[in-house]
Amino acid sequence: MQSEIHTGTRITLFAEVLLPIPVHKLFTYRVPFEWNEKAGVGQRVIVQFGDRRIITGIMVTLHENPPTEYEAKYILEILDEEPVVSAQQLNFYNWIAEYYLCAPGEVLNAGLPAGLKLSSESMVQLHPAFDWETTLFDFSEKETMLLKHLVSGPMAYSDIASLLNIKSIYSILKSLSGKEAVILFEEVKEKYKPKKEKYVRLSEAFTNNHALENLFSELSKKPKQEAILLKYLQDVPVLHDSTVNKSGLRKNKLSTPEFSGSALHTLIKNGILEEFEIIVPRFELQDDEEIVDVTLSEDQLQAQQHILKEFEIHSTVLFHGITGSGKTEIYVNLIRRALESGTQVLYLLPEIALTTQIVQRLKKIFGDKMGVYHSRFSDNERVEVWNGVLNGRFKFVVGVRSSVFLPFDNLGLIIVDEEHDTSYKQQEPAPRYHARDAALMIAHLHHAKIILGSATPSVESYHLAQSGKYGYVKLSKRYGDAQLPQIILADVMAERRQKNSKGEFTGMLLRGIEASLKEKEQVIIFQNRRGYSPILDCEDCGWIPKCVNCSVSLTYHQYKHALVCHYCGYKQPMPGSCPTCSSKRLHTPGYGTEKLEEELKLHFPEAHVQRMDLETTRSKTGYEAIIEQFEQGDTDILVGTQMVTKGLDFDKVSLVGVFNADRLLHFPDFRSYERAFQLLTQVSGRAGRREKPGKVIIQTAQPDHIVIQHVVHHRMDEFYQQEITDRKNHLYPPFSRLIELTLKHTDKKIVQQAIAQLHQLIVQHIQGIRVLGPGEPMVSRVRNQYLMNMLIKIPRDSGNLAGVKAIITQQINSLLTQKIFRMVRVVADVDPV
């Protein structure tokens, strides 16, 4: 342990390091003397954690006080010259951790792109004491081959497997290690690798006229090499300006089929052309933004002026613009104003699907000032955006929820589009943050303005606006001459009685689709259930296949010809007969998007039907391909889950069909009516977004249901007033804060005992709260773990939210110290959605 912190004039520095692990503390490491001047808060460091683990952390503070409980290990490496995480970001990480009841390390793990963390790769090298002449051991053929290659230097495990052409090398390494011929070690590598492109240029000796003439004389009988050289001089006018030769030409421009690859190789080999690499951006953005004239209507101009006026009083404004009202055009003008004032802008979107259309529009306007950040990007692409924000290249970023962690230092404006969307809430793993609420805190830290935009605002945001805590701006007219769509209810029960239905399709919906297709218009069909059928059952004995790990039935996916669990991913082949009674009469009741797609193809064989759900959009460009085909008119009918409800703008959509509205209404959650209203309103808004009015057909067995009637008649204010009244009566948000505690364990009795005891502890120690439960959730077993949960309601006016959370954390820790409950996992979800 360090007893002296001064050695001569040198100061012994210690760093508190934040590590990306789920532990509620910082760890103290010693800074080597030679790095005292180099070390700074916010820089990444490599440290040893435990006996073998090498990990990347962030220095949070520097001081001269050695730890008293253990001897501090040395920092192994400081990776950055300048901080990659700012003091504001560290404050933000701490707020996330405290508010959402998680460890700061979990926030760091979520916030820092994987490409900025280091990975350790297992390596093998010859043992320093090994000598072929004196060793007493015999070696197999493969062992001998490996040892001979190791003479040239260390090798990675993966390279050894390729060399020896075997999958498992561990028995060989164990044998060689036992014979003291090799040693194993971990080589730390940085995950981020800049993108490099190969260029070629003319060797300096040939950049004058005389030398070039001689060169062409030599190549006169080598036409393939001569052609390459002529192409180079055509694209790089060396004779007019010899300085342009330094930049060279992309090698791939000379690697096309019209030129000989071997001839190019020969020119490089003979020193006529030089090959070199340069680092290039991964994003092909435009060099300069276009002057795109965004013409606002009179209503849009008034809304924009109203927002600016509200910003004089409030830092947060709720912008309530109906579907098709042109909110994006107003955002563009406000973004321009913020950028012209020298500040940064963050534009949040809930889904990658939404970014596709909007990014294409914004790229034309903002060019290379704009970065795009979402989880479908590779690690390297996300690091480039992170570094672009850090070095000032990107003043404006469009991204999904993880964008709140980017290293902004001068934010002036944040736009949270579709602020009501539940995709802004992170579910697994921790931190289970809500990006909208996190953005509000970032705006506070940066003294920035924030716009919450939506056609169907969340009940909480609407209430805060109505109570004067937020500014409120409403835009209730569609852009141009577009009208709100006509919403028609197709009574499922009545159509069945009249025998107008075909399967689960009402005659009204089928006729509507047919009419739209005849007019060469497009149709969107919304069904919030993916897969082919939600269940499979045997018509003779009633057998239903269940997941072996979870308490749910398996969903049939036709394109996989498999039964899949949507909770843990377990799958099994589709059986040919019932495993219980051997009957062949297996039935697939209900409709998922796959089954809808199949039946629509049967009803309309001439139409091109496409599906947009999780399965069809897994790839990085899946969304773009589907949306591009629909925009270009290649797709006639688009079937989708709630992805199709989110802000997409298509000119030719004249009909939207909602396949089953009733399923949205009867979900056991206090927000089910709000979600149903939002989804039905949003998906209806995809119809008739230009001059021609659109039509929406909603299939329902409850046409008189109050929520459906509110949607049909566009009665938004009345719906919100009803919801506010109900929530006030039952103490739900916005009149309370919710914390859901879920306990998990492989033994059902243990998890039941644990939650009973935790419930008792919380009720005893916290006054003025309400607790619902404990009880089993609808799905009470997931991944072989039994679940129990309870919901804590904390009145919003209690004024002691932080104190309540501290006691909850204390009681959870107290519970987990008991031997019987040490393996129980407790998940705290603050503000669950």
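Me: Which strand does β30 pair with in the parallel sense over four bridges?

Reply: In general, strands of a sheet pair through backbone hydrogen bonds, either parallel or antiparallel. Here, β30 and strand β31 (residues 695-700) pair in the parallel sense, over four bridges. Within that pairing, Val658 stands opposite Ile698 in β31. Two strands count as paired if DSSP finds at least two bridges between them. Helices (H or I, at least four residues) and strands (E, at least two) are DSSP runs, numbered from the N terminus.

Me: What should I know about the model before going on?

Reply: It's a predicted model, so local features need pLDDT of at least 70 and side-chain atom pairs count only at pLDDT 80 or more, while totals for chains, interfaces and linings use all residues. Residues are numbered from 1 along each chain as its sequence is written, and side-chain values use heavy atoms, with hydrogens and water left out. As for pLDDT, that's the predictor's confidence in each residue, from 0 to 100. The protein has a mean pLDDT of 88, and 93% of its residues reach 70 or more.

Me: Where does pLDDT stay under 50?

Reply: Residues 1-8 are one such stretch, and the model has 22 contacts for them beyond four places in sequence. Contact means heavy atoms within 4.5 Å. Residues 285-289 are also below 50, with 16 contacts in the model beyond near neighbours in sequence.

Me: Back to β30: how many of its residues are buried?

Reply: Buried means under 20% relative accessible area, exposed means over 50%, and partly exposed is in between (1.4 Å probe, protein chains only). In β30 (residues 653-658), six of six residues are buried. Strand β22 (residues 522-526) is joined to β30 by five bridges and runs parallel to it. There, Ile524 stands opposite Val656 in β30.

Me: In what order do the seven strands of the open sheet run?

Reply: The order is β16-β17-β15-β18-β19-β14-β20, with parallel pairing. At the edges are β16 (370-373) and β20 (471-475), each pairing on one side only. Neighbouring strands of this sheet are turned by 15° against each other on average, direction ignored. Axes are lines fitted to C-alpha atoms, for helices over the stretch in contact, and angles run from 0 to 180 degrees between N-to-C directions. Inside the sheet, five bridges join β15 (residues 344-348) to β18 (residues 411-417), and Gln344 stands opposite Leu411 in β18.

Me: Which strands does helix α12 lie across?

Reply: Helix α12 (residues 379-390) lies across β15, β16 and β17 (396-399), running at about 140° to β16.

Me: Which residues of α14 are buried, and what covers them?

Reply: Helix α14 (residues 459-466) is mostly covered, with six of its eight residues buried. Those are Val459, Glu460, Ser461, Tyr462, Leu464 and Ala465. Their cover includes β14 (316-321), α13, β19 (449-454), β20, α20 (672-684) and α22 (716-730). Just after α14, Gly468 takes a positive phi of about 90°.

Me: Which residues touch the most other members of the largest nonpolar core?

Reply: A nonpolar core is a set of buried Ala, Val, Leu, Ile, Met, Phe, Trp, Tyr and Cys residues joined through side-chain atoms within 4.5 Å. The largest one has 113 residues, and Phe92, Tyr93, Trp386, Val404, Ile414 and Leu741 touch the most other members. Helix α1 (residues 87-99) gives the largest share of this core, seven residues. Apart from it lies another core of 32 residues, among them Tyr331, Leu339, Leu349 and Leu475.

Me: How many salt bridges does the whole structure have?

Reply: Side chains of opposite charge can pair when their charged atoms come close. The cut-off for a salt bridge is a side-chain nitrogen of Lys or Arg within 4 Å of a carboxyl oxygen of Asp or Glu. A search of the whole structure finds 25. One of them joins Arg44 and Asp80 at 2.8 Å, N to O. Arg44 sits in strand β5 (residues 44-49) and Asp80 in the loop between β7 (77-78) and α1, 36 residues apart.

Me: Why do Arg44 and Asp80 count as buried?

Reply: Arg44 counts as buried because its relative accessibility is 3%, and Asp80 because its relative accessible area is 9%.

Me: Which residues are linked in a network of salt bridges?

Reply: The network links Glu460, Arg671, Glu674, Glu723 and Arg727. Glu460 is also one of the buried residues of α14.
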